[in-house]
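Please look at the sequence and the model below.

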Amino acid sequence: MVRRITSIMMCLAVSASASAADKFKLAWSHYTGWEPWGYAADQGIVKKWADKYGIEIEVQLINDYVESINLYTASDFDAVTATNMDALTIPSVSGVDTQAIIVGDYSNGNDGIVVKGAHSVAELKGREINLVEFSVSHYMLARALDKNGMSERDVTVVNTSDADIASAFISNAKGAVVTWNPPLQQARNAKGAQMIFDSSMIPGEILDITFVKTDADERFKKALTGAWYETMAIISGGAGSKEAIEHMAEATGATVPEFKAQLRTTAMFYTPAEARDYTKSDAVEKTMEYVRQFSFDKGLFGATAQSADFVGIQFDNGKVLGDEKNVKLRFTSKYMDMAAQGTL
């Protein structure tokens with residue numbers, strides 16, 4: 001059973017006299033590529049970087065992914081972990097100007113479609129499929145169906161929380177789900193389960209990112225980035241790597257070999273230079289073109305949106321996709337570059 005961490009992981013970094021303007025909150029949820037935030041908080045790495053910038057950072061695990069983004073959108077948090085698509089369709093569409101400061105990875109098999117009693121996407125026709133509706137899972141299902149000459153009209157989508165999706169699949173003899181790790185691993189371990197499509201078949205389209213409010217304090221952005229890449233250096237083979245992997249595996253309810261398998265299907269950008277270069281590449285714009293068109297087609301921009309241009313998306317080179325007067329999602333390599341240059 002997944003060990004549910006319900007406690008708030010507090011990183012009290014400065015004296016009790018710190019003002020509200022010096023206190024910031026990050027929400028994260030269970031996903032292989034975001035587990036490092038739990039480790040960084042527990043090990044005092046976030047506190048160390050918060051201390052450096054004279055602020056307090058509270059790192060809080062939210063067990064429901066969509067709820068974590070909703071709380072961020074409602075201003076309960078200053079930062080959140082989310083995919084590129086979900087950041088666009090929830091906070092940005094709601095008018096919350098949001099900035100991608102740490103592009104952590106892209107899913108390279110860490111999201112998948114798992115079924116019982118079928119061996120191909122074509123065999124999904126007529127089936128009920130559990131997924132988090134209008135999330136990146138929904139996007140991946142649409143891409144899988146499209147690649148096989150099908151559409152959503154060929155299946156029935158059943159909206160299911162990520163907290164419940166593995167158990168829903170395991171208890172259903174005709175189960176079919178679209179989800180991400182760690183629940184994907186649990187579903188794959190079920191008797192008769194077979195993965196028929198995964199995110200490695202659409203490489204680079206599902207980006208896993210730490211977002212902040214664009215007008216958030218610079219100290220907060222720098223502290224988060226510093227903490228993240230100190231943690232990446234440990235996980236990728238530095239001193240304490242073994243213990244870090246064990247910590248994250250336990251947090252997700254996986255064995256160490258299972259968690260290592262999840263990491264292999266997560267294309268982590270372990271160094272800030274890798275993340276910076278990817279963020280500056282044309283690949284991000286190409287991906288966001290797919291994502292925004294899907295989101296508009298599904299009505300995720302709201303009833304008043306007349307086209308996929310409704311929300312502006314700004315890239316690192318300053319180019320804007322969509323409405324230049326309504327830019328609400330921004331990609332920047334600034335903080336990753338500072339980490340790469342050693343100037344944080």
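The questions below take some of these labels in turn.

This is a predicted model, in which local features need pLDDT of at least 70 and side-chain atom pairs count only at pLDDT 80 or more, while totals for chains, interfaces and linings use all residues. Residues are numbered from 1 along each chain as its sequence is written, and side-chain values use heavy atoms, with hydrogens and water left out.

Q: Why is S75 called exposed?
A: Exposed means over 50% relative accessible area, buried means under 20%, and partly exposed is in between (1.4 Å probe, protein chains only). S75 has 56% relative accessibility, so S75 counts as exposed. S75 also has a positive phi of about 75°, although it is not a glycine.

Q: Where does S75 lie?
A: S75 is in the loop between α3 (65-73) and β4 (79-83). Helices (H or I, at least four residues) and strands (E, at least two) are DSSP runs, numbered from the N terminus.

Q: Why is F134 called partly exposed?
A: The relative accessibility of F134 is 37%, so F134 counts as partly exposed. F134 is not a glycine either, yet has a positive phi of about 65°. The loop that holds F134 runs between β7 (128-131) and α5 (136-147).

Q: What makes the pair of Y31 and W34 edge-to-face?
A: Rings of Phe, Tyr and Trp (its six-membered ring) pair if their centres lie within 6.5 Å; planes under 30 degrees apart count as stacked, over 60 as edge-to-face and the rest as tilted. By this rule the count comes to 12 aromatic pairs. The ring centres of Y31 and W34 are 5.0 Å apart and the planes stand at 65°, so this pair is edge-to-face. Ring pairs also link Y31, W34, Y65 and W180 into a cluster.

Q: How do you know whether Y31 and W34 are buried or exposed?
A: Y31 has a relative accessible area of 2%, so Y31 is buried. W34 is at 3% and therefore counts as buried.

Q: What makes the charged end of K25 sit over the ring of F77?
A: A charge sits over a ring if NZ of Lys or CZ of Arg is within 6 Å of the ring centre and within 35 degrees of the ring normal. For K25 the distance to the centre of the F77 ring is 4.6 Å. The charged end of K213 sits over the ring of Y72, 4.5 Å from its centre.

Q: How do you know on which side of α11 the buried residues are?
A: The buried residues of α11 (residues 272-280) are P272, A275, R276, Y278 and T279. They cover an arc of only 165° around the axis, which puts them on the same side of α11. The arc is that of the directions from the helix axis to the C-beta atoms.

Q: What makes β11 mostly covered?
A: In β11, 7 of its 7 residues are buried.

Q: How do you know which strands pair with β11?
A: Two strands pair if DSSP finds at least two bridges between them. β4 and β11 have 5 bridges and pair in the antiparallel sense. β5 and β11 have 7 bridges, again antiparallel. T81 stands opposite T210 in β11, and V103 has I209 in β11 as its bridge partner.
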